Amino acid sequence: MACFLSQRQINMKHFVRNRVHRRKSDIYQAVTTVCRIMQDVLKHVEALEPRFISSLKQVDGRYAGLQVLSPRHLEVSLFLNQMGVFNFIDDGCPSGCAMLKLSDERKRSMSLWTEFITASGYLSARKMRSRFTSLVSEAIRRGNLQAQVRIISTNSFSTVLSVTDIYTVEIVPAFRCGSIWPQNTCVWPTLGTAWPSQPAIANVKMRGFNLLARDPYPAAKPINTEGDAWVLSFTEAEELLLSGGCRKLCVSMLKALCDKHLNITGDPIEYVHLTNLVLYECEKHPREYEWDEDCLFDRINGVLLQLVSCLQCRKCPHFFLKGVDLFNGKSKTSLDQAAKQVWILARDLTTNPIGFESL
């Protein structure tokens, strides 16, 4: 048994060196290529409309607002200024969303975004992203960037671009919301949980969250305000919560496994699902020693088994948001196929000491 476990540890380290690090290097090159082109696009957008100031800049070696959704699918949040004249409302909104409403109707003319405010006083995410898509289209034309980037036609108002015909990039207008926390739509922190510590919870809440002008999460019962609602994003909270121990390494290894073995038609499994389930695993195993490298295989196996269960139930609850199912909109056939694939993967890794090497 000791020999089996020792062989597995060696095998996992080899997997990290050869697969995980190589994947990170490939994604870094992709991000560098995409961001260089996106910075050109956003420079021309800013020249057309100075209110849309480019926030895609490197900070401590990382691009602010960039999220890698898959090896060839990226999302860029363009952080906007001046949200001060609006109140944050998350009661009676679509699941996972919030509204921004004028704090005082007399302040309508004071807002930087007057033309995007509805008659009811709400700042409309739909109007914002529709206008932004028009600006991006014009920026590509004026910058003679058609050979590098083009807008992809979609059924939404979102700005989705094809970059060098290889990468798909969605640019999303966004607001940062610091020092506040959604009271109605958010289910985190879980009552009675031992993880994270109270100081860590306070730090996450102080850093806040983002509001994105993108299409809402698919819902069983659409609400009339969906088009004007802003989607809540907790990427910074995830970053803080996953620091320490081998949590981030666990996520990276799962992503590498997903890229190689779980690339299934219909994309039933995405990076967001893996990160979501690792956060649940952190709650199940709150002690720091449970996230030492000696326990790494157990944590990976735990997440894979959670994933199988979610796929079989066809439901993956969002870690932060009440009423949001991350599998909503996925086909039952693809979810069932993914459940079988993940089970085979988990079984092979558990029973074969050189499972990572043979994959």
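Ser 124 is buried in this predicted model. Its relative accessible area is 1%. Buried means under 20%, so Ser 124 falls on that side of the cut-off.

Which residues touch Ser 124, once neighbours within four places in sequence are set aside? Phe 116 and Thr 118 are among them. Gly 227, Asp 228 and Trp 230 are also in contact with Ser 124.

Ile 344 has a relative accessibility of 35%. The partly exposed range runs between the buried limit of 20% and the exposed limit of 50%, so Ile 344 counts as partly exposed. Ile 344 belongs to helix α8, which spans residues 332-351. Together with Leu 305 and Trp 343, Ile 344 forms a nonpolar surface patch. The accessible area of these three residues together is about 270 Å².

Rolling a probe the size of a water molecule over the atoms shows where empty space is left. The second largest pocket has a volume of about 330 Å³. It is lined by 14 residues. Closest to its centre are Arg 22, Arg 23, Asp 26, Pro 71 and Asp 259. Which elements give two or more residues to this lining? They are α1, residues 2-48, and α5, residues 247-261. Helix α1 gives the most to the lining of the second largest pocket, with six residues.

How values were computed:
Residues numbered from 1 in each chain as written. Predicted model: local features only at pLDDT ≥ 70, side-chain atom pairs only at ≥ 80, totals over all residues. Heavy atoms only, no water. Buried < 20%, exposed > 50% of the residue type's maximum accessible area, 1.4 Å probe, protein only. Contact = heavy atoms within 4.5 Å. Patch = residues over 30% accessible without salt bridge, like charges linked within 9 Å, V, L, I, M, F, W, Y side chains within 5 Å. Areas by Shrake-Rupley, 256 points an atom, 1.4 Å probe, with all protein chains shown as cover. Salt bridge = Lys/Arg side-chain N within 4 Å of Asp/Glu carboxyl O. Helix = DSSP H or I, 4+ residues; strand = E, 2+ residues; numbered from the N terminus. 1 Å grid on protein atoms, 1.4 Å probe; cavity = no way out; pocket = protein on both sides within 12 Å on 5 of 7 lines; lining within 4 Å. Points joined across faces, edges and corners; volume = space filled by probe spheres on them.
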